[in-house]
Structure formats: structure tokens, C-alpha cells
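Please have the sequence and the coordinates in view as I go.

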Amino acid sequence: MVLTKGELLLRAFRDQDKATLTLLCNNLNIWKNVRDALPHPYTEKNAEEFIDFATSKDPQEVFAITHKETLVGCIGIHPQTDVYRFTAEIGYWIGEPYWGKGFATQALNLIIDYGFESLKMTKLYAGCFSFNQASQKVLLNAGFTKEAVLQKAVFKNEEFHDEIRYAIFKK
């Protein structure tokens, strides 16, 4: 599955992404803003395991974000189960050299269309740490609205923080 808008492309990860993925993820500033499932330090072995995981899902849930064929980040959409089966969680990160260029918002717009049209979801949501104001801005720019504040719900960087949940609904 390939999703595209202009020069931004969401595609499956490839083995040849391993070195760039390692370089982008082995960054403390990335790690501080994502869940602990992304290890730090980040090694080529971590990249291999992640690529294997990312390419194992059918339908595709995890996409490489590329700009002009350069890997700039990652975005995933994860359908929920049981009574939440028409809801999916979205997670993403952009490599630090590519911050502030609009790639996250563009990728979100593509994944929103994919979630609503291809996966037949009715609600998409994303959570971000209360200190990550850049991610909050990205979600608002992509049309999400603030849905809830989960107080002291996450333990990151040796402290408890609120998680802010944003949602968007199919029209």
C-alpha cells in the first residue's frame, strides 16, 4: 500500500531503510516524545526487528514517511478490538532534522483518509504527552479536537505526565 500527496509518500518499510531508521531513532529528542517501546539507544538490530514487525501486518498498519524518497519518519494506525472495533489509534514521529516542515500534518491527513476509507473506521485518536506542544499543534492542524486529558497517566523521563487525547470522526 502506498499513500501519496505531492512529494510526501507513505509506504511500507524496506530492508534498505535500516541505516536511516537507526540514525533517526537513535536520538534522545525523539525518544523523549514517544512511548518506551522505542528503545534508546536505538541499534540496527532494533531497526531490523521493527521493519519485520512493520511489514507483518495485513492490512498495513505501519508506514514509512518519505519525502523525495528520503525516510523522514514513521506513522502507524492501529485498529482496536471488541466494542472499539471501529476506532483506531494513530502514532507517529518525525526525525529531528525534518521537524517544522509540515511532514507530520501531511502524513496524518493521508492516514486519516486511509483509516476512514480503507479500514472503515469511524473514529481515529492519538495521545500525546502534555509537554509535547509541537505534536498537539500537528493534531489540531490535521483537524483533530482535544477529547480528554488523562491526568498523570504516563511515566516518562522519570516523571508522571498527563496524556492529552485528540480525536477525529468520520463525517
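This is a predicted model: local features need pLDDT of at least 70, side-chain atom pairs count only at pLDDT 80 or more; totals for chains, interfaces and linings use all residues.

Let me start with Gly95, which sits in the loop between β5 and α4, where helices (H or I, at least four residues) and strands (E, at least two) are DSSP runs numbered from the N terminus. Residues are numbered from 1 along each chain as its sequence is written, and side-chain values use heavy atoms, with hydrogens and water left out.

Gly95 has a relative accessibility of 0% and so counts as buried, on a scale where buried means under 20% relative accessible area, exposed over 50%, and partly exposed in between, with a 1.4 Å probe and protein chains only. Leaving aside residues up to four places away in sequence, Gly95 touches Leu24, Ile30, Val72 and Gly73, contact meaning heavy atoms within 4.5 Å.

Turning to helix α5, residues 133-141, we find Ser135, Gln136, Val138 and Leu139 buried. Seen down the helix axis, the buried residues of α5 fall within an arc of 160°, so they line one face of the helix, the arc being that of the directions from the axis to the C-beta atoms. Those buried residues pack against β5 (87-94), α4 (103-118), β6 (123-129) and β8 (159-169), whereas the face turned away from the buried side carries the exposed residues Gln133, Ala134, Lys137 and Asn141. Just after α5, Gly143 takes a positive phi of about 100°.

Finally, the charged pairs: which residue forms a salt bridge with Lys18? The partner is Glu44, with the closest N and O atoms 3.9 Å apart, a salt bridge being a side-chain nitrogen of Lys or Arg within 4 Å of a carboxyl oxygen of Asp or Glu. This pair links distant parts of the chain, since Lys18 is in helix α1 and Glu44 in helix α3, 26 residues apart, and Lys18, Glu44 and Glu48 are linked in a network of salt bridges. Within α3, Lys45 and Glu49 lie four residues apart, about one turn of the helix, and their side chains also meet in a salt bridge, at 3.8 Å from N to O. Lys45 is exposed, at 52% relative accessible area, while Glu49, at 43%, counts as partly exposed.
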